[in-house]
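Colleague: I am new to reading models. Please walk me through this one, feature by feature.

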Amino acid sequence: MRWIALPTGIVILVWTLLDVFRTLVMPRAARGRLRLSRILFQAMWRPWRWVGVRRKTIQGRERVLATAAPFFFFVLLVGWVSLALLGYALVLWSPAFVHGMGPGEVSFGDTLYTSGTSLFTLGFGGGIATGWTRAIAVVAGATGLGLFAVVIAYLPVLYQAFNRREVGVLLLDARAGSPPSGPELLHRMGSAGAASSLPELFAEWERWVADVLETHMSYPLLAVFRSPHDETSWITSLGSVLDAATLILTSVQDEPDERARLLYGTGVHAVEDLFYYLRLTERESVIGRDEFEDVLHDMKDDGFSVRPVDDAFARFTEKRAKYAPRLDAIAVLLAAPPGLWIGDRSFLGARTAH
């Protein structure tokens, strides 16, 4: 049976190291179903989410869900190391290299121990390698050093991207409420006489959306990291600003600023790419006519020149349909705190309270 150990070990090592390279080093979205990060996410996130959303309070829910991403990363690292250890053990156990581990019968447990001591650069487990087995021991040691060096370098990049994302989310809190919503953003800006600053806000959020798309496609684990504040989420914030821009484009009679169009285009593109990367199914996202009329009435009171209700509602429904079903699917997957028009309000809202 040992003849199959060498090709099996090589396949495991190549698959593992390629997965590490694609996940931590390659600056683009790593696709494919047979990836350790995807396998672990599918196996662990949904049960974790199921437990989290059934907590009786918002604080309890967020405590459970906030630990998921750091724990997943730790499990992913352990998985990579374990697979590399197994791969080198199989290679050393094969007829091509087992004789270089010393005289006498060498069990698979011995090669597993030797693989571990080499991978963690602890030595050769009390023995002296001979022949080509020395090369395997050296390569295993280099693999261990390289793997941990890449992980150590990866963490600052991950948390810098997280911090940039959360700064934007926090700044939006005072403007759009907690949880944020597009109508609330327009209401607060309009009632405060700050509607003229909306184009500047849309320009800032266009850059924020582009940064989130680039970092979350390169490092998908970022999507699961929760905001430090219980009522906010990056996906809800994205949806609220998109809703605000869509309301401006479809419901205001004045010629909208070009920056609202640019934000809308960038936001729709970001939602689409993230939706297809996560391989989700669109959710039905319907806004009641009564809800929309209330929002339009508030906008009129806040100084916006609004279109007739029928015209505005038709335009808004058509334009929002290009991103809302996909945005809602992402929000529900991540168990984001539901806001006005965003997320699964019927389920999460019924089970969470202050």
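Colleague: Which residue forms a salt bridge with Glu 62, and how far apart are the closest N and O atoms?

Modeller: First, the general idea. Side chains of opposite charge can pair when their charged atoms come close. A salt bridge is a side-chain nitrogen of Lys or Arg within 4 Å of a carboxyl oxygen of Asp or Glu. Here, Glu 62 pairs with Arg 226, with the closest N and O atoms 2.9 Å apart. Glu 62 sits in helix 3 (residues 58–66) and Arg 226 in the loop between helix 8 and helix 9, so the pair ties together parts 164 residues apart in sequence. Helices here are DSSP runs of H or I, at least four residues, and strands are runs of E, at least two, numbered from the N terminus.

Colleague: What kind of model is this, and how are residues numbered?

Modeller: It is a predicted model: local features need pLDDT of at least 70, side-chain atom pairs count only at pLDDT 80 or more, and totals for chains, interfaces and linings use all residues. Residues are numbered from 1 along each chain as its sequence is written, and side-chain values use heavy atoms, leaving out hydrogens and water.

Colleague: Are Glu 62 and Arg 226 buried or exposed?

Modeller: Buried means under 20% relative accessible area, exposed over 50%, and partly exposed in between (1.4 Å probe, protein chains only). Both Glu 62 and Arg 226 are buried. Asp 243 and Arg 320 form a salt bridge too, at 2.8 Å between the closest N and O atoms. Asp 243 lies in helix 9 and Arg 320 in helix 12 (residues 309–320), so this pair links parts 77 residues apart in sequence. Asp 243 and Arg 320 are buried as well.

Colleague: Where do Arg 261 and Glu 258 lie?

Modeller: Both are in helix 10 (residues 258–277), three residues apart, about one turn of the helix. Arg 261 is partly exposed, at 35% relative accessibility. Glu 258 is partly exposed too, at 45%.

Colleague: How many salt bridges does the rule count?

Modeller: The count comes to 14.

Colleague: How many helices and strands does the protein chain have?

Modeller: The chain has 14 helices and zero strands. Its radius of gyration is 26 Å, well over the 20 Å that the globule rule gives for 354 residues, so the chain is more spread out than a compact globule. That radius is taken over C-alpha atoms, and the rule is 2.2 Å times the number of residues to the power 0.38. The C-alpha atoms fill a box of roughly 90 × 40 × 30 Å along the principal axes.
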